[in-house]
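Please open the structure in the viewer and display the ligand together with the side chains.

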Amino acid sequence: MGFAARVREVTRSDHAAAQGMAYFDALLGGRLDRPGYTALTAQLFFVYETLEEAAGEMRADPVAGAFVADELARLPALVADLTHLVGADWPARVSASRPTSEYRARLREVAFTWPAGFVAHHYTRYLGDLSGGQVMRRALQREYGLEGPGTLFYEFPGVEPRAFKQRYRHLLDTAPWDAVEQDRFLDEVSLAYRLNTAMLDDLGKVVA
Ligand code: HEM
């Protein structure tokens with residue numbers, strides 16, 4: 001089994017827990033109102049602000065730098081979405097929840113200085129966005145009639161998800177990490193899932 005397949009296998013239950021959050025159930029079922037949907041976009045802004053700052057630092061790293069891809073950048077889309085959903089004064093009207101702040105603190109702690117730790121967080125968010133995120137994009141269109149501004153976060157112009165994920169898995173398979181570093185990576189992916197799950201659990205309070 002290649003390392004990418006092992007990552008998926010080892011974190012299968014973490015993924016199932018993240019995917020099973022009530023917030024997604026409500027989102028996919030068309031039961032969120034606009035503030036309820038906007039709340040996720042706002043929290044994601046705070047996550048990507050730090051994650052993409054770390055990507056800027058890691059770009060020069062011989063291993064982690066290969067995972068950094070400009071076409072993934074989500075921050076411009078999140079800013080445009082929040083401007084559309086909340087208004088031009090959105091920075092004054094949104095704030096990071098406690099779990100999101102803890103998520104950001106962990107990113108600060110590991111993603112700027114530990115290449116494999118950065119990749120663990122990068123993998124958990126972007127491969128998810130290119131997978132479940134695309135399921136959400138279709139649901140937002142189907143259930144809420146939302147597309148374009150407000151949901152740009154879910155659109156990756158110029159990225160073919162399937163081919164991109166294949167290339168990404170190849171990078172994971174060939175990353176020069178020894179067994180100890182691979183295990184540390186797996187633990188960090190698992191933690192990244194838990195940080196996402198905690199953020200989503202908190203968002204669940206907006207679900208009626
Ligand atoms: C309703 C919510 C979700 C749905 C419907 C969903 C669905 C999926 C599906 C169908 C795949 C497989 C895609 C493929 O093999 O190409 C996938 C993969 C993935 N998802 Fe999710 N997902 C959800 C939530 C999440 C969350 C919250 C995260 C983490 C923040 C996440 C992270 C990932 C990752 C990292 C992968 C790639 C696994 C791999 O192939 O290595 N997903 N998701």
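How many Å separate an oxygen atom of the ligand from an N or O atom in the side chain of K165? The distance is 2.7 Å, a polar contact by the criterion of N or O atoms within 3.5 Å. The model is predicted, so local features require pLDDT of at least 70 and side-chain atom pairs pLDDT 80 or more, whereas totals for chains, interfaces and linings use all residues. Residues are numbered from 1 along each chain as its sequence is written, and side-chain values use heavy atoms, without hydrogens or water.

Select R169 next: an N or O atom of its side chain lies 2.7 Å from an oxygen atom of the ligand. For R8, the corresponding distance to a ligand oxygen atom is 3.4 Å.

Now select the iron atom of the ligand. Its single donor from the protein is NE2 of H15, 2.1 Å away; donors are N, O and S atoms within 2.8 Å of the metal (3.2 Å for Na, K and Ca), and because water is not among the atoms, sites may look incomplete. H15 is located in helix α2, helices being DSSP runs of H or I with at least four residues.

Finally, select R6 and D183. They form a salt bridge with their closest N and O atoms 3.0 Å apart. Because R6 lies in helix α1 (residues 3-10) and D183 in helix α11, the pair ties together parts 177 residues apart in sequence. The whole structure has 13 salt bridges, each a side-chain nitrogen of Lys or Arg within 4 Å of a carboxyl oxygen of Asp or Glu.

How values were computed
Polar contact = N/O pair within 3.5 Å; in protein donor to acceptor, adjacent residues only side chain to side chain. Helix = DSSP H or I, 4+ residues; strand = E, 2+ residues; numbered from the N terminus.
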